[in-house]
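Subject: Structure handover

Hello,

Here is the structure for you to look at. My notes on strand pairing and aromatic rings follow it.

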Amino acid sequence: MRYWTRLVCMTAVGAAVIGALCASPVHAALINTYPSPIVVTASSTYTSSFAGGQLVNGSGLSGTAPAFADADSDGVPEHSNGVTGLHWLSQKTTVANQWVAFDLGQAYDLASMRVWNYNQSSWQLRSVQTARIYYSTAANPDEAAPGTWTQLVGAGAGGVFTFAQATGQPNYDSVTDVSFGGASVRHVLIDIQSSYGTDADGVGLSEVQFFSVPEPATLATLALGALALLRRRRA
């Protein structure tokens, strides 16, 4: 009886480990590589120094890609508060008309998206406040037509997501993590609804990373390792 009790406990622990790995971007596989294969398209760009490609090239993150610095060991690299070359910024016009889209290059079972908001010192009001998020597996969806995409439903009215405002500090890492729950995704569209500032400020983001669900073989290996550890402790 004790054997079966232990086996059931170990199986439950293994299932819990797998569930946690699927849900947590810390353990999921980072899709971004540096240089990144991800293609970014935006509704508008203020100048070439604030182009959309800045969102996936690691610019502004502390340290050197891909081994970014994490001084406080919270699992999130810090972002600088530099002036140019570290962000995407839209034209200074109607914020609610702005969007930014990402082509991951192929479909992934997407676990989550991590967003560093606009972190230029003294201009944190350019941070995205609310947005609708859409995704697609089509090869060439129309970025300007969110209605043709599948909406990822957030907690706000109309399914909007609320993003944490950046701090404007050189150690900014209070990011917003958005779960996709393992949905098959190739394209992601952030359809901006509002910013923390005004239309005259423009709106922008600093960095975006994407995490896929680990492959089944990886999950099994990690779960077996956890079970082995539990077994040694009980021995």
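Strands β7 (residues 128–136) and β10 run antiparallel and are joined by eight bridges; strands here are DSSP runs of E with at least two residues, numbered from the N terminus, and two of them pair if DSSP finds at least two bridges between them. Within this pairing, Y135 has V188 in β10 as its bridge partner.

This is a predicted model, in which local features need pLDDT of at least 70 and side-chain atom pairs pLDDT 80 or more, while totals for chains, interfaces and linings use all residues. Residues are numbered from 1 along each chain as its sequence is written, and side-chain values use heavy atoms, without hydrogens and water.

Strand β10 (residues 176–195) also pairs with β6 (residues 99–117), antiparallel, over twelve bridges. There, V100 stands opposite I190.

The structure has four aromatic pairs (ring centres of Phe, Tyr or Trp, for Trp the six-membered ring, within 6.5 Å; planes under 30 degrees apart are stacked, over 60 edge-to-face, the rest tilted). One of them is Y34 with F68, which is edge-to-face because the centres are 5.2 Å apart and the planes are at 90°. Y34 is in the loop between β1 and β2 and F68 in strand β4, 34 residues apart. Y34 is buried at 19% relative accessible area, and F68 is buried at 14% (buried means under 20%, exposed over 50%, partly exposed in between, with a 1.4 Å probe and protein chains only).

F102 and F210 are also edge-to-face, since their centres are 5.2 Å apart and their planes at 65°. F102 lies in β6 and F210 in β11, so the pair ties together parts 108 residues apart in sequence.

Regards

Definitions and conventions: Helices (H or I, at least four residues) and strands (E, at least two) are DSSP runs, numbered from the N terminus.
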